[in-house]
Amino acid sequence: MSVLDRPRVEEPVPEVGAPPRLKRGWAVGATIFVWLGGWALLRGTATLELGGAELTGFHQWLNGVRDDFDAARDTSFFFQYVIGGISTAIDTVVTFFQELLSQPAFPRPVPEIGWLGVVALLTWLAYALAAWRSALLVFVSLLLFGSLGYWTDSIDLLIVTAVAVAICVVIGLPTGIWMARSKRATAALTPVLDLMQTMPAFAYLAPLALFFGIGPASAVVTTLIYALPPLVRITAHGIRTVAPTTLEASRSLGTTDVQALRKVQLPMAKRTIIVGVNQCMMAALSMATIAALINGPGLGQPVAQALQSLDIGSAFVSGIAIVIMAIMLDRTTTAASQRAEKEARAGRAGGRRRWVVLGAGGAVALVLVYVSRTYLWAAEFPERPDLGTPLSDGVTQLTDWLVTTLENVTNSLKDLVTYALINPLESLLADTPWWLMGLVILAFAYLLGGWRPTAISAVCLLVILGTGLWNETMKTLTTTLVATLIVILSALVVGVWMGRNHRADTAIRPLLDALQTIPPFVYLVPALALFSTSRFTAIVAAVAYGVPIATKLIADGIRGVSPTSVEAARAAGTTAWQMISKVQLPMARAAVVLASNQGLLYVLSMVVIGGLVGGGGLGYLVVAGFSQAQLFGKGLAAGIAITALGIMLDRIAQYAAARYGRA
Amino acid sequence: MTATTISPVKTTESALSVRHLWKIFGTKADKIIGSPDADLSRQELQAKTGCVMAVKDVSFDVAPGEVFVVMGLSGSGKSTLVRLLTRLIEPTAGQVIMGGSEITAASESELRELRRHHVAMVFQHFGLLPHRKVIDNIAYGLEVRGEGKTERRQRAQEMVDLVGLEGYEESYPDQLSGGMQQRVGLARALAVDPDVLMFDEPFSALDPLIRRDMQNEVIRLHEEVGKTMVFITHDLSEALKLGDRILIMRDGEIVQIGTPDEVVAVPADDYVRDFVSEVPRSHVLTLRWVVREPRPGEPVDGPVMQAGVIVKDAARAVLEAEQPVRVYDGDRFLGVVDDEDILRVVVAEEDEQPEPEPQP
Amino acid sequence: MGRHRSGPVRLAALAVLAGLALAGCGGGDIESAPTGGGGGEECGEFDIAINPWVGYEASAHVVGYVASSRLGCDVEYKNVKEEVAWQGMGNDEIDVVIENWGHDDLKKKYIEDQGIAQEAGSTGNVGIIGWYVPPWMAEEYPDITDWKNLNKYADMFQTSESGDKGQLLDGDPSFVTNDEALVKNLDLNYEVVYAGSEAALIQAFRQAEANKEPLIGYFYEPQWFMAEVPLVKVDLPPYKPGCDADPEKVACDYPEYDLDKIVATDFAKSGSPAYDLVKNFQWTNDDQNVVAKYIAADGMDPEEAAEKWVEANQDKVDAWLK
């Protein structure tokens with residue numbers, strides 16, 4: 001959920017003249033000393049705190065801009081015809097498929113094709129595009145959607161995702177190609193893509209609804225904004241990394257640019273591009289819950305609603321449905337691309353038998369479609385077997401039991417972390433005068449990464465100052481840092497364990513995979529139940545989101561340590577602890593640094609979501625800005641501040657990683 | 001630069017003519033040429049300007065049908081040089097003339113025409129298209145210049161037969177061994193029927209045995225199709241084996257140009273001498289390099305041999321002859337060679353060469 | 001181009017899909033007529049915004065259920081927050097906001113300035129917003145219900161979230177609230193902390209009453225939860241018209257809201273029978289609390305809850321349809 005997935009194009013090189021270690025140690029000490037001293041003396045002054053309802057000129061100006069747009073909505077040619085046209089087109093397509101597959105096609109009380117027909121068709125399609133294994137997966141997944149009680153929402157989500165991904169491909173492929181071929185395009189588009197991925201969707205949700213209306217079009221556009229960048233980046237990366245020898249060989253035979261693109265670059269980058277489409281699809285799914293806030297159709301709706309009513313059972317069940325959908329789409333697209341490759345190789349793969357099965361299957365599917373248009377039982381998904389209700393009830397009971405049993409434990413844990421870590425750190429960051437705090441941040445940026453990240457940080461800090469939300473930003477920085485710290489610590493413990501113990505790895509990895517696929521909204525609900533609303537709850541949610549990736553990276557890093565070194569160390573009589581601390585961790589340093597970096601970014605991307613459960617700071621402002629008209633400008637400004645904070649931390653981490661990550 | 005070259009080539013009939021070719025990588029590279037900086041060593045230049053001198057003021061001619069080998073260690077600029085010839089890398093300065101047309105002045109479309117019809121290249125890492133079958137890889141050059149499917153299939157099939165890939169037409173490159181892949185690369189280059197073939201270290205990624213096969217294949221093809229070839233290698237024995245003439249490069253500059261026996265017999269400097277020191281001289285040198293004036297009173301009625309005969313091949317005859325052998329270059333009498341002269345070459349080599357030379 | 005052979009398979013798949021899509025446009029054998037009957041005019045699509053509190057949901061679904069069962073409307077519920085719902089009236093996305101709490105700023109913008117929305121009368125519900133404490137506290141500390149004494153008890157309300165101040169628990173960020181300004185302008189030693197949703201607020205109050213823990217928070221009526229735990233309202237400085245004009249300077253209690261209905265102008269002009277229904281819709285706080293309780297406490301589906309109430313209150317419903 002952020003800048004993390006993009007292939008790093010330029011490796012920042014450690015700058016010449018980086019301070020030697022000893023000197024740096026002194027400098028860090030001195031910085032902390034000055035900071036603590038300044039905090040002790042000047043605490044609470046010049047903190048740039050802004051009251052809840054207070055607005056700066058900038059916020060009011062943003063409100064004004066929004067109002068101008070709002071007022072121009074009905075008169076401006078651009079809004080009426082261009083934006084209006086786009087939004088009508090998307091709405092029409094989505095509604096068409098909805099009435100075909102999922103929603104009652106008025107005046108019919110049911111869709112044109114009932115569930116039986118949809119299952120038959122999609123299963124057949126999976127067989128046609130991939131293989132029987134995918135067909136089986138699709139078949140089972142679809143039946144699960146229905147018996148979990150979310151047939152309509154699931155198919156809706158499938159439709160919205162499909163439409164969004166289709167548009168992504170239409171826009172993203174040419175853009176990616178263009179970026180691969182033009183340095184100038186890369187330079188111009190990279191910051192735009194960064195912004196699209198780091199700007200929290202909440203911040204532009206309300207204006208989007210203003211332009212594209214409430215419903216499918218806005219949902220698709222929101223999804224598009226977030227899901228497009230990975231596709232563009234991976235496409236450009238794929239084309240750029242086509243073996244230069246092959247390209248040169250082709251040039252030596254006198255190919256034109258277009259020929260090189262069509263005959264060499266695109267075919268050779270095909271596999272990477274498919275990975276891009278796959279990533280785009282996953283990103284699109286992860287936006288489902290956010291789009292639900294402007295009534296985007298799909299599985300996000302029950303999740304968002306469950307959050308509203310603290311219905312942990314429904315949240316879990318609909319979350320499971322999203323996970324199933326993610327697995328289904330992921331595996332099927334992968335299988336389809338593999339089949340295409342295999343078929344290209346072996347000529348007509350499967351031969352006659354496959355055609356017979358396809359034909360017969362198609363005929364059966366058509367019959368079932370007809371049946372599903374005729375009989376009600378085949379049109380409306382049966383209420384039994386109902387897996388959803390018992391599952392939901394079970395989860396609710398389990399959580400209730402957990403909450404009551406653990407109440408004391410969870411409360412004291414929350415209080416401990418809050419009093420021992422969050423509050424002091426927040427005071428240190430937010431109560432220090434802004435100018436001193438800014439200098440401290442710049443000093444750390446310099447000591448960690450050198451001049452370049454310091455310059456970038458200076459710009460970002462100026463932007464944050466300009467948003468008028470310095471104090472809120474420091475509060476957000478506090479929760480981000482605490483969450484990152486917890487992520488790194490837990491990832492180290494679990495990751496080292498997994499890296500050293502194959503059985504632990506096999507047991508834990510699927511759990512981590514699932515955690516990564518579940519939309520973050522879903523674990524807000526149990527987090528809320530366990531810890532009620534607080535900054536700590538937001539931190540727990542962020543940790544749950546950041547731990548899987550960091551743990552996997554560290555586990556892989558430990559596993560990647562050369563077995564020869566481990567063997568040599570063992571031969572020298574090393575204990576297990578010595579092995580970890582003196583051999584495996586130091587040798588896996590690059591992975592640990594990368595894991596911290598990614599953990600930080602994942603945590604940061606949860607700031608807004610955390611705002612929904614008491615995270616405070618910028619996240620809350622973005623949420624409030626989405627909800628209340630007069631706070632719109634402030635919310636958007638908070639979105640900008642989050643982006644600036646994100647870019648600043650990302651760059652510092654990147655440069656620091658380049659400097660310290662080389663083992 | 002060496003003065004010992006006996007050039008059999010005149011500029012007017014050259015298949016390829018290169019004049020004062022430069023390539024300097026880096027910004028403002030063109031400013032360096034003609035300035036005192038151009039005389040700095042490569043390291044000094046890089047330290048001072050950040051620019052890298054890849055090819056420095058190189059001139060040479062290649063005769064039609066000649067196999068011209070460019071040899072040097074890695075980093076000597078040889079791979080850059082061959083790419084400058086068809087402007088796969090843009091030269092910083094200088095002229096390249098191929099078949100009478102000046103490549104360095106060609107427009108983008110003229111250049112494309114030239115690449116499509118007149119010159120083709122074989123690459124070290126093959127550069128095959130992994131998503132295409134062997135036959136379609138070979139036909140690729142024909143395809144991009146717009147030939148119809150039947151013609152190009154037919155032509156590609158001929159090339160398949162020529163390089164010995166029968167039965168592999170429908171395979172994909174990654175299903176073939178390295179040697180077979182390079183045969184595909186070779187066939188692809190030959191398919192467009194170019195005037196000049198360029199090889200960029202084509203066999204250095206292959207096993208020694210396969211490398212020898214492929215070298216023989218090139219010799220065979222050269223005899224069959226008689227193309228002009230520019231061959232880049234870092235392997236001296238390959239250069240000596242294939243080359244009609246050899247250009248030795250170091251740090252972007254020409255160290256020596258000459259025929260194989262010239263290079264071995266009169267190395268231009270210590271660098272080349274070091275290079276050729278391990279070459280079995282008797283395998284390379286011809287009688288021309290051991291012939292001497294008859295000593296006073298020496299009999300001059302021994303058997304007659306031509307100057308171009310390689311020492312190794314002449315050894316038995318010379319040693320068996322009663323009289324010193326008379327050496328002629330055509331009709332011209334050059335001098336004589338006796339047992340001792342032959343042994344000097346062979347024995348000098350024995351100091352370094354463990355394998356004993358066959359003794360009579 | 002060297003296309004591979006999967007082309008035909010894919011084409012066939014697409015062709016079948018397209019064919020089905022076309023076939024789908026023809027009629028079906030499943031009963032096409034809408035359920036129910038009734039209303040003379042064509043109703044068509046009727047879009048009701050759903051704002052995030054249960055009382056609202058109750059009103060919306062009762063109106064929606066009547067519209068679809070009696071008038072044959074194609075009712076769609078759209079889950080959006082207030083601001084977005086008002087916006088949506090401009091482009092036919094939303095027909096009605098069934099329970100509006102004041103929102104003079106939105107009224108000015110969308111009714112007066114843009115004219116895309118208009119008022120459609122009171123729902124009959126009276127809305128009260130204020131600060132509440134659980135009943136056990138009102139008993140134990142009788143004077144806590146006067147705001148002037150709040151600072152005295154601030155320590156008791158301290159949590160890890162509010163630091164050394166007392167915690168004032170607020171709800172969903174979209175709810176109408178002046179609490180941060182109130183705390184500041186009344187010099188109260190409190191910090192506003194957001195629970196995030198109505199459900200979270202209810203949970204917190206329920207727990208506080210059960211465990212006899214101190215809690216003070218934002219709450220409102222009509223509210224079904226009052227029947228379960230009768231929270232006690234704290235008296236803030238009395239409301240005078242205009243005292244809340246500047247959101248940064250508010251230092252008085254919330255007004256008593258006459259909850260009203262807002263409809264899209266286009267919808268009002270459309271002649272849809274649903275518009276008359278909306279206009280006539282009126283019920284009491286108790287009515288709403290009954291339905292809200294069905295939904296929130298009994299876990300009924302909102303549509304079923306609405307049906308249950310409608311079945312039991314035919315006379316009231318008939319009055320809306322006259």
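**View 1. A salt bridge joins A:Arg651 and A:Asp194 in this predicted model.** Their closest N and O atoms lie 3.5 Å apart. A salt bridge here is a side-chain nitrogen of Lys or Arg within 4 Å of a carboxyl oxygen of Asp or Glu. The rule finds one salt bridge across the interface of domain 1 and domain 2 of chain A.

**View 2. Chain A has domain 1 (22-50 + 391-660) and domain 2 (76-386).** The bounds come from an automatic or database domain assignment. Over C-alpha atoms, the two domain centres are 32 Å apart. The contact (heavy atoms within 4.5 Å) takes 29 residues from domain 1 and 30 residues from domain 2.

**View 3. Domain 1 and domain 2 of chain A bury about 2,500 Å² between them.** Buried area is the accessible area (1.4 Å probe) that two parts lose on being put together, summed over both. Carbon and sulfur atoms give 88% of the area. A:Phe521, A:Val525 and A:Phe626 supply 27% of what domain 1 buries against domain 2, more than any other three residues.

**Notes.** Residues are numbered from 1 along each chain as its sequence is written, chains are lettered from A and ligands numbered from 1 in the order in which they are written, and side-chain values use heavy atoms, with hydrogens and water left out. In this predicted model, local features need pLDDT of at least 70 and side-chain atom pairs count only at pLDDT 80 or more, while totals for chains, interfaces and linings use all residues.
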